[in-house]
Amino acid sequence: MVARLSLIRRYAILGFIIVGYIIFQFTRQHPDVGRMSQKEGLRANSSQFTLEGEPFRILGGSIHYFRVPRAYWEDRLLKMRACGVNTLTTYVPWNLHEPERGVFNFQDQLDLKAYISLAAELGLWVILRPGPYICAEWDLGGLPSWLLRDPDMKLRTTYPGFTEAVDSFFDQLIPRVAPYQYSKGGPIIAVQVENKYGSYAKDVEYMPYIKEALLSRGIEELLLTSDNQDGRNLGGVNGALETINFQKLSPEGFKYLDAIQPQKPKMVMEYWSGWFDLWGDLHHVFAAEDMVAIVTEILKQDASINLYMFHGGTNFGFMNGAFAIATPMPKPMVTSYDYDAPLSEAGDYTTKYTLLRNVLSRYHSEKLPEVPSLQARRVYEPVIIQKHLSLWESLQFTEKPLKSEKPVNMENLPVNNNNGQSNGYTLYETIIHSGGLLNSMNNVRDRALVFVDKLFVGVLDYKMLECALPDGKGERTLSLLVENSGRLNYGKLLDEQRKGLVGDIELNNTPLRDFIIHSLDMKPGFVNRLSASGQWNSVFQKPSFPGFFHGKLYVGGHPRDTFIRLPGWSKGVVFINGQNLGRHWSMGPQQTLYLPAPWLNRGNNQVVVFEEQETDGKIQFASEPDLGMTVDVQ
């Protein structure tokens with residue numbers, strides 16, 4: 001009898017343990033469920049928003065988790081909270097979360113659930129902007145480049161090839177974020193339907209489709225749309241509150257909202273706190289006093305606001321977009337996404353931050369949190385290049401090349417498990433038997449370095465369509481190293497953003513044939529194989545260009561943020577411990593690259609620079625950024 005009672009006790013204890021473990025696992029996976037009260041969520045039933053049945057003004061700020069090192073998410077969000085912002089807004093970049101069709105990544109830097117949970121822990125509400133198109137000065141507006149493998153693809157429409165891909169992505173994304181909605185006890189109080197569709201507006205059935213795609217997968221919170229002035233008449237959808245975007249205050253915007261949505265709350269979903277920069281232009285700034293005066297006026301008109309951006313961050317890697325509204329020749333965005341925002345690229349306070357905090361504090365009944373301290377900086381000793389490897393020597397570390405009679409654009413190359421190449425460079429090589437005039441036929445996307453027998457002879461791009469090739473005897477190798485500088489992220493030409501060679505090129509009016517095509521997307525695996533190889537040449541041998549240059553950065557003590565300077569270099573890409581920091585280009589405006597401390601190790605750090613044309617053999621550092629000569633936003 002005693003033995004039976006003991007056995008029953010053991011089973012009971014085991015049962016409690018199992019139930020406790022199940023509860024623990026659920027709360028660990030859904031940490032915010034139950035955190036917030038279960039009153040009524042965000043509503044737009046009168047001229048003011050209400051939340052939990054009380055009047056509520058959205059004081060929003062945009063910070064993109066994919067533009068900020070994960071180790072700094074909390075730092076940036078705390079600084080935003082201390083400024084008086086009560087709501088975080090973020091886009092979701094489809095092309096990072098599904099880099100290959102059917103292969104999804106929501107880990108580490110892309111752990112969206114962790115980001116939303118962190119916002120909740122810090123007392124911020126969340127407006128989620130899941131796209132699938134996000135604009136954001138991001139490559140192809142966040143759409144995956146593998147969509148363009150379909151020659152008939154019609155992006156942002158109900159074309160079956162597009163909607164099938166969206167459905168597959170949303171099947172993965174929405175179940176991950178739905179438990180974090182307000183109705184489930186989480187911080188998400190609103191969800192945006194697509195983004196700025198009125199400026200595209202190619203399919204009247206598309207916005208209802210996206211709305212239903214969200215609702216059918218469990219989205220229950222208030223739905224919003226967001227449009228610029230040029231598209232506000234065409235971007236709405238029944239059942240979603242329309243919002244507007246602008247920088248300079250115009251009475252027409254609010255009049256439009258009052259006319260189409262009488263007795264509804266007004267909101268500026270994107271109040272542009274600054275502006276983006278393009279290679280070859282100047283660094284855009286928007287005066288702090290002007291920005292804060294407009295914010296003050298928006299709030300006086302009882303409108304809600306979201307500052308785009310509150311903190312811009314960085315276009316790490318090759319993920320920058322491109323701009324071509326007034327010209328058929330796109331210009332790529334620079335690596336920095338500082339945006340002249342209230343919080344700088346490296347998380348520093350600006351005059352905008354101080355003035356904005358003063359204004360937003362008036363809309364809080366309690367004193368704002370203390371402003372967090374800044375991250376320390378360090379100017380490291382210059383890195384001296386020790387080794388180099390020519391472009392051609394590096395090809396052994398790439399995927400098997402393609403032999404093709406005609407040029408093949410990078411998206412249709414049989415690489416990355418037949419998902420094509422998304423970013424980076426592509427090398428096209430063929431045999432020629434004479435010199436003469438090489439004509440790109442405007443089929444270079446976006447910029448090509450031209451070589452004959454590995455000797456540089458010229459550049460082809462949107463402006464330079466022809467290149468003279470020197471005469472020579474016998475067979476010679478013509479090489480074109482084509483860079484994808486960044487796909488358009490806005491406008492009506494998204495379907496035309498295939499990169500590499502997108503058609504024939506001609507030598508003396510004859511199309512060239514029989515190419516060998518190498519994909520150089522420079523992913524971390526490639527860079528790490530390169531760094532670890534024994535194939536490097538000593539710097540005492542004259543380097544050939546383009547090439548990879550290797551050095552070691554020694555960090556004594558705790559790593560600190562810094563900025564890389566390359567005054568003796570021309571154009572290329574910088575990698576630290578396999579991480580792609582982004583592009584550098586001496587033409588500017590940007591002259592430094594942000595190097596965050598979390599990407600550095602104590603001791604030696606591997607530095608690899610891909611350089612197209614020139615180097616002085618030194619990598620220098622600075623404590624402050626140099627984003628170039630400034631120009632006021634017009």
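How many nonpolar, polar and charged residues does the lining of the largest cavity have, by class? The structure examined here is a predicted model, in which local features need pLDDT of at least 70 and side-chain atom pairs count only at pLDDT 80 or more, whereas totals for chains, interfaces and linings use all residues. Residues are numbered from 1 along each chain as its sequence is written, and side-chain values use heavy atoms, with hydrogens and water left out.

On a 1 Å grid over the protein atoms alone, a cavity is a set of points where a 1.4 Å probe fits but cannot get out, while a pocket is an open set with protein on both sides within 12 Å along at least five of seven lines; lining residues have an atom within 4 Å of a point. Grid points are joined across faces, edges and corners, and a volume is the space filled by probe spheres set on the points. By this rule, 3 cavities of 30 Å³ or more are counted. The largest cavity has a volume of about 60 Å³, and its lining comprises 4 nonpolar, 3 polar and 3 charged residues. Here Ala, Val, Leu, Ile, Met, Phe, Trp, Tyr, Cys and Pro count as nonpolar, Asp, Glu, Lys and Arg as charged, and the others, Gly among them, as polar. Residues lining this largest cavity include F49, R57, K266 and D302. The second largest cavity, of about 40 Å³, is lined by 6 nonpolar, 2 polar and 2 charged residues, among them W275, H283 and L627.

The largest pocket holds about 1100 Å³ of space. Of its 38 lining residues, L96, L110, G317, M319 and P524 are the closest to its centre. The lining of the largest pocket has 18 nonpolar, 13 polar and 7 charged residues.

Aromatic pairs number 36 in the structure; rings of Phe, Tyr and Trp (its six-membered ring) pair if their centres lie within 6.5 Å, and planes under 30 degrees apart count as stacked, over 60 as edge-to-face and the rest as tilted. The ring centres of F169 and F170 lie 6.0 Å apart with planes at 40°, so this pair is tilted. F169 is buried (under 20% relative accessible area), with a value of 0%; F170 is likewise buried, at 0%. Another tilted pair is formed by W279 and W585, at 6.0 Å centre to centre and 50° between the planes. F169 and F170 also belong to one aromatic cluster, which includes W94, W146 and Y209.

Methods: Buried < 20%, exposed > 50% of the residue type's maximum accessible area, 1.4 Å probe, protein only.
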